[in-house]
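Trainee: I have the coordinates open and would like to go through the side-chain contacts with you. Could we start with the charged pairs and move on from there?

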Amino acid sequence: QGQFGQSQCAHTCGCGNNLTAPNGCDFETGNCGWSTTSGVSDKAWLLHANSTPSLGTGPSSAYYGSRYAYVEASEPTLPGDVFTLESPPFDGYSSTFDVSFAYHMHGLGMGHLYLKGMNATGDWDDLWSAHGPSADVWQNVFLVVPPGFGLLRFEGVSGVDWRSDIAIDAIQVATTTTTSTLLTTTAAPTSTGIEALSADFEGDLGNWTTDGQYKWALKTGRTPSGGTGPSGAYEGQYYVYVEASSPNYPSKTFNLESPTFLAGASARAIYFAYSMIGNTMGSLELQYSTGTNWTELWKVSGDKGSSWLTAAVTVPPAAVALRFQGVTGSSYRSDIGLDSIVASEFGITTPPPLSPTEALTCTFETNLCNWNNVDGAKDWTRDSSGTPSSGTGPSSAHQGSHYIYTEASGGNHNKDFILESGHFVVTTALKLQFYYHMKGTSMGDLTVSCMSTGASDWQPLFTVSGSQGDSWRQAEVVLPMDCESVQLKGHTGSGWSSDITVDDIKVVDG
């Protein structure tokens with residue numbers, strides 16, 4: 001037989017019903033004879049163009065053409081709801097078929113996608129499946145469906161979070177003379193109970209508990225103190241937070257502990273949103289227990305700006321409990337917010353690299369963009385209208401209101417402050433442009449370095465030392481073609497008069 005999945009049929013819907021293979025489909029004008037409800041479920045796949053309505057999930061465009069089919073995971077959809085997309089009947093009991101399609105499964109709390117075939121006894125056999133979140137790109141699948149099936153069906157199962165839209169596109173089917181089989185699957189791991197840790201805090205703490213003298217509290221809207229705390233929840237109405245007002249500072253510890261769950265055979269993941277705004281901010285740490293002591297998994301400290309930030313953390317196989325530990329800073333301006341916890345049996349999928357512009361550009365007006373302070377070093381801090389110490393630091397930002405700086409007072413002499421960018425890929429000649437301010441009688445050094453693909457050490461691209469006067473200075477450095485991350489290292493001098501500031505980072509043509 002001839003190929004069915006040719007351009008005139010596989011990318012259109014008008015191929016007829018009396019076929020020896022099910023219709024292929026690009027969803028440009030309809031479902032191409034595929035049915036989107038069945039006796040299994042009344043949940044319908046939707047046709048859509050551009051991004052799905054929810055942020056943080058779904059593709060930004062179709063894989064082919066302008067439209068695709070997708071599962072909408074927002075309300076009234078509930079976790080575990082099944083969405084079916086079923087082919088027309090066909091005579092496949094004596095023929096082998098090549099099936100290819102594209103799918104997209106990006107988002108917190110992602111569910112499952114199955115391709116099944118109905119055998120001669122009327123039962124549905126799994127032919128392929130994918131589980132959990134993947135990178136924010138369309139994924140391609142090719143498999144050989146062996147003889148013995150008269151229907152095909154996609155089943156999309158919604159996840160534990162509204163950010164679990166599943167999309168498919170560009171289904172192509174062709175007959176083949178081979179009798180070989182290729183049945184592929186991404187097996188779902190055995191449940192360890194970690195998914196019970198997911199919590200949106202809409203009215204309660206879910207399965208989390210907070211004990212001791214200092215307790216996390218539910219909140220809507222702003223926290224009571226000015227200059228700290230989020231303006232509202234990351235999603236929904238409620239979040240939990242650490243109230244840092246007197247007598248809850250300095251260095252008071254607030255614990256939020258999960259229920260226990262089973263150890264796993266492989267790594268799992270937890271996703272969450274956090275808020276840390278305040279000029280005397282403390283720290284937020286995620287810890288795990290194997291049944292005895294608590295061990296650090298993830299930690300951030302210092303002012304992170306006015307926006308909610310998100311984190312994805314790998315949970316070790318041996319972990320049987322998790323704990324968030326918030327520690328207040330030196331004043332009441334250190335409220336910490338936490339929201340939208342999603343726990344998954346599936347490990348974290350490494351996201352694709354950013355473009356250099358996405359990874360590096362930042363004005364620091366609301367946060368650190370895609371730059372991150374490095375554990376083990378001092379934190380760069382956002383600031384406006386002059387650093388606290390006289391005789392060092394700028395009086396204002398180079399542009400806008402905010403910049404980042406190294407605070408050299410309070411025992412921070414001769415210390416490293418390290419900020420690293422997200423990963424990116426350079427495909428054309430580019431330069432990194434930024435502005436720096438280095439005024440002070442005991443000024444240290446500013447170094448910009450690159451991590452090249454396959455390298456283990458940072459290679460300096462730019463260094464400046466000593467006081468540079470009371471003005472912002474522009475710097476430009478060439479980004480090597482194999483550069484995949486950039487590091488800003490400020491090393492303070494021998495005294496407090498060595499605040500180093502950086503602002504207005506951008507990427508320009510080389």
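**Charged pairs, rings and disulfides**

Mentor: Glu235 forms a salt bridge with Arg163, the closest N and O atoms being 3.7 Å apart, where a salt bridge is a side-chain nitrogen of Lys or Arg within 4 Å of a carboxyl oxygen of Asp or Glu. Keep in mind that this is a predicted model, in which local features need pLDDT of at least 70 and side-chain atom pairs count only at pLDDT 80 or more, while totals for chains, interfaces and linings use all residues. Residues are numbered from 1 along each chain as its sequence is written, and side-chain values use heavy atoms, with hydrogens and water left out.

Trainee: Where do Glu235 and Arg163 lie in the chain?

Mentor: Glu235 is in the loop between β10 (217-220) and β11 (238-242), and Arg163 is in the loop between β8 and β9 (166-176), so to speak of the pair is to speak of a link between distant parts of the chain, 72 residues apart.

Trainee: How many salt bridges does the structure hold?

Mentor: There are eight salt bridges, and Glu86, Lys116, Asp126, Arg153 and Glu155 are linked in a network of them. In one, the side chains of Glu86 and Arg153 meet at 3.5 Å, N to O; Glu86 lies in strand β3 and Arg153 in strand β8, so this pair ties together parts that are 67 residues apart in sequence.

Trainee: And which residue does Lys116 meet?

Mentor: Lys116 meets Glu155 in a salt bridge of 3.1 Å, N to O. Since Lys116 lies in strand β5 (residues 112-118) and Glu155 in strand β8, parts that are 39 residues apart in sequence are tied together. Lys116 is buried, with a relative accessible area of 15%, and Glu155 is buried as well, at 7%.

Trainee: Let's turn to the sheet, then: what is its strand order?

Mentor: The order of this open sheet of four strands is β3-β8-β5-β6, with antiparallel pairing, and two strands pair if DSSP finds at least two bridges between them. β3 (82-86) and β6 (124-131) stand at the edges with a single partner strand each, so one side of each is left without a neighbour in the sheet. Over five bridges, β3 pairs in the antiparallel sense with β8 (residues 151-157), and Leu85 stands opposite Phe154 in β8.

Trainee: Which aromatic cluster does Phe154 belong to?

Mentor: Phe154 forms one aromatic cluster with Trp34, Phe101, Tyr103 and Trp128. The structure holds 21 aromatic pairs, counted when the centres of Phe, Tyr or Trp rings (for Trp its six-membered ring) lie within 6.5 Å, with planes under 30 degrees apart called stacked, over 60 edge-to-face and the rest tilted. Phe101 and Phe154 are an edge-to-face pair, 4.9 Å centre to centre with 80 degrees between the planes.

Trainee: Last topic: how many disulfides are found?

Mentor: A search of the whole structure finds two disulfides, that is, pairs of cysteine sulfur atoms within 2.5 Å. Cys362 and Cys369 form a disulfide with sulfur atoms 2.2 Å apart, and the torsion about its S-S bond is about 75 degrees, so this disulfide is right-handed. Cys450 and Cys483 form a disulfide with sulfur atoms 2.4 Å apart.

Methods. Helices (H or I, at least four residues) and strands (E, at least two) are DSSP runs, numbered from the N terminus. Buried means under 20% relative accessible area, exposed over 50%, partly exposed in between (1.4 Å probe, protein chains only).
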